[in-house]
Amino acid sequence: MVVLRRDTYDEMCRSAADLIAEEIRRKPKAVLGLATGSSPLGVYRHLIEMYREGKVDFSCVRTVNLDEYCGLPKDHPESYARFMRENFFGQINIDPQNTFIPNGTAEDPDAECARYDHLIGWLGGIDLQLLGIGFNGHIGFNEPSDRFIEETHRVRLTQSTLIANARFFPGGVPPEYAITVGMKTILGAKSVLLIAGEEKYRIVKRAFTGEITPRVPASILQTHSHATVIYVGEEEL
Ligand code: GLP
């Protein structure tokens, strides 16, 4: 694992955006695994800027998002589909037909999970997976548990995740369930890039210098041969 420390959020985002842009230049039809949350926002901003400056071209890129809330239609202000459109896809030259996100309103969530895994296989797997990390060590919505779940699955969000994400639902509560890709998809990515702001220092240290355990789902990235972690902090891990 390559661990890079940065002094500020913006420096972290710039480094992550540079790595993603390099991947696209190397492979214009790259399949990117993308994440939501506040952490990747700056990465998307830098990529949009690079696109506007003619430094990166998304016309052949395919994207697969990690997760979506169950029950939120894709136009709901807090759906991840809308988040991606507003914060990234709508501002670059990607073909919307090449962007994939689990359908949170599928009538049969299990069938939707199977469809999503099949789709990722059909795309040939993920070239570069961007990840944030939850305060409890979750990646995507793979919550702490007594085992690592391999497939895309429907998950009941933990109390700590509901509390952490409540800020995005003013006056309301986040949905209790979500669909998330599983560990097979994340670990199957040819390279993985996890970013973590200053507030995540403790969990980053635990995940990447501690025991590999499903109680801290991100810790499994220690086993990935091409994993890069970029974090903001004053101290080395
Ligand atoms: C959400 C997402 C994760 C994300 C995490 C951290 O719950 N499902 O993919 O990494 O929370 O979010 P933030 O970057 O806003 O702290």
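**Ligand and pockets**

Author: Start with Asn165: a polar side-chain atom of this residue lies 3.1 Å from an oxygen atom of the ligand. Polar contacts here are pairs of N or O atoms within 3.5 Å; within protein, one must be able to donate a hydrogen and the other to accept it, and residues adjacent in sequence count only if both atoms are side-chain atoms.

Reader: What sort of model is it?

Author: The model is predicted: local features need pLDDT of at least 70, side-chain atom pairs count only at pLDDT 80 or more, and totals for chains, interfaces and linings use all residues. Residues are numbered from 1 along each chain as its sequence is written, and side-chain values use heavy atoms, with hydrogens and water left out.

Reader: How far is Arg167 from an oxygen atom of the ligand?

Author: 3.2 Å, from a polar side-chain atom of Arg167. Gly140 uses its backbone: a polar atom there is 3.3 Å from a ligand nitrogen.

Reader: How much of the ligand's accessible area does the protein cover?

Author: 95% of the 390 Å² that the ligand has on its own (Shrake-Rupley method, 1.4 Å probe).

Reader: Which pocket does the ligand take?

Author: The largest one. A pocket is an open set of points on a 1 Å grid over the protein atoms alone, with protein on both sides within 12 Å along at least five of seven lines; lining residues have an atom within 4 Å of a point. To sit in one, a molecule needs more than half of its atoms within 2 Å of the grid points.

Reader: What is its volume, and what lines it?

Author: About 580 Å³. It has 33 lining residues, with Thr36, Gly37, Ser38, Tyr80 and Asn165 closest to the centre. α5 gives the most, four residues.

Reader: Switching topic. What about the second largest pocket?

Author: Its volume is about 370 Å³. 17 residues line it, and Lys74, Ala81, Arg85, Thr99 and Ile101 lie nearest its centre. α3 and β5 (99-100) each give two or more.

Reader: Which gives the most?

Author: α3, with three residues.

Key. On a 1 Å grid over the protein atoms alone, a cavity is a set of points where a 1.4 Å probe fits but cannot get out, and a pocket is an open set with protein on both sides within 12 Å along at least five of seven lines; lining residues have an atom within 4 Å of a point. Grid points are joined across faces, edges and corners, and a volume is the space filled by probe spheres set on the points.
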